[in-house]
Amino acid sequence: MAPQMIFVNLPVKDLGASRAFFEKLGYSFNPKFSDDTAACLVISDTIFAMLLTEEKFRDFTAPGKEISDATKATEVLIALSAESREKADELADAALAAGGTPAKEPMDMGFMYERSFTDLDGHHWEVFWMDPAAAQG
């Protein structure tokens, strides 16, 4: 059985700017699932974010539903694991340097460390490291 994959669909106002933002963070895009209305952001072998123009995003939503303005309301928290505290800092710092903004203060609980940022459209991303011993319980 193939591993299950996840595709998080996010509306964006400027697809080119969003692509450039995530490329500055070191991510790539799958050209098979990208065009002038969508960009398939490759996060891992099984995790993808579909960055969709608002018009394209509307094609997938229920009729009559508004698209959330992520700069004014939190519609989703996207949490990504990092292999170390340093890698969490690297990704968050790269996001801030690329034009993202801090979402909240860093959180350090000793066994878990987290940084967060919002992308160009206000989507909330969290990057966290958890001590493997703590994760096993």
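Are Phe 21 and Phe 117 buried or exposed? Both Phe 21 and Phe 117 are buried, where buried means under 20% relative accessible area, exposed means over 50%, and partly exposed lies in between, with a 1.4 Å probe and protein chains only.

Before I continue, a word on conventions. The model is predicted, so local features need pLDDT of at least 70 and side-chain atom pairs count only at pLDDT 80 or more, while totals for chains, interfaces and linings use all residues. Residues are numbered from 1 along each chain as its sequence is written, and side-chain values use heavy atoms, with hydrogens and water left out.

I turn to the aromatic rings. A pair of aromatic rings is described by the distance of the centres and the angle of the planes. Rings of Phe, Tyr and Trp (its six-membered ring) pair if their centres lie within 6.5 Å; planes under 30 degrees apart count as stacked, over 60 as edge-to-face, and the rest as tilted. Across the whole structure, the search finds 5 aromatic pairs. One of them is stacked, because the ring centres of Phe 7 and Phe 48 are 4.7 Å apart and the planes stand at 15°. This pair links distant parts of the chain, with Phe 7 in strand 1 and Phe 48 in strand 4, 41 residues apart. Helices (H or I, at least four residues) and strands (E, at least two) are DSSP runs, numbered from the N terminus. Phe 7 is partly exposed at a relative accessible area of 35%, whereas Phe 48 is buried at 9%.

The rings of Phe 21 and Phe 117 have centres 6.3 Å apart and planes at 55°, so this pair is tilted. It too connects distant parts of the chain: Phe 21 belongs to helix 1 and Phe 117 to strand 8, 96 residues apart.

Next, helix 1. Its buried residues include Leu 15, Ser 18, Phe 21 and Phe 22. Why do these lie on the same side of helix 1? They cover an arc of only 120° around the axis, the arc being that of the directions from the helix axis to the C-beta atoms. Ala 20 also lies in helix 1, which spans residues 15-24; it counts as partly exposed because its relative accessibility is 29%. At the start of the helix, a side-chain oxygen of Asp 14 comes to within 3.2 Å of the backbone nitrogen of Gly 16. Just after helix 1, Gly 26 adopts a positive phi of about 95°.

Now the nonpolar cores. In soluble globular proteins, nonpolar side chains tend to be buried together. A nonpolar core is a set of buried Ala, Val, Leu, Ile, Met, Phe, Trp, Tyr and Cys residues joined through side-chain atoms within 4.5 Å. The largest one has 24 residues, of which Phe 22, Leu 25, Leu 51 and Trp 125 touch the most other members. Among the elements that give two or more residues to this core are helix 1, helix 3 (85-97), strand 8 and strand 9 (124-130). A second, separate core of 7 residues includes Ala 38, Phe 48, Met 50 and Leu 52. Leaving aside neighbours within four places in sequence, Phe 22 is in contact (heavy atoms within 4.5 Å) with residues including Tyr 27, Leu 51 and Trp 125.

Val 8 stands opposite Ala 49 in strand 4. Strand 3 is joined to strand 4 by 5 bridges, and these two run antiparallel. They form a hairpin with 4 residues between them, and Cys 40 stands opposite Met 50.

Finally, Arg 115. It lies in strand 8, residues 112-118, and counts as buried because its relative accessibility is 12%. Which residue does its side chain join through a polar contact of 2.8 Å? The partner is the side chain of Asp 93. A polar contact is a pair of N or O atoms within 3.5 Å; within protein, one must be able to donate a hydrogen and the other to accept it, and residues adjacent in sequence count only if both atoms are side-chain atoms.

Terms used: Two strands pair if DSSP finds at least two bridges between them.
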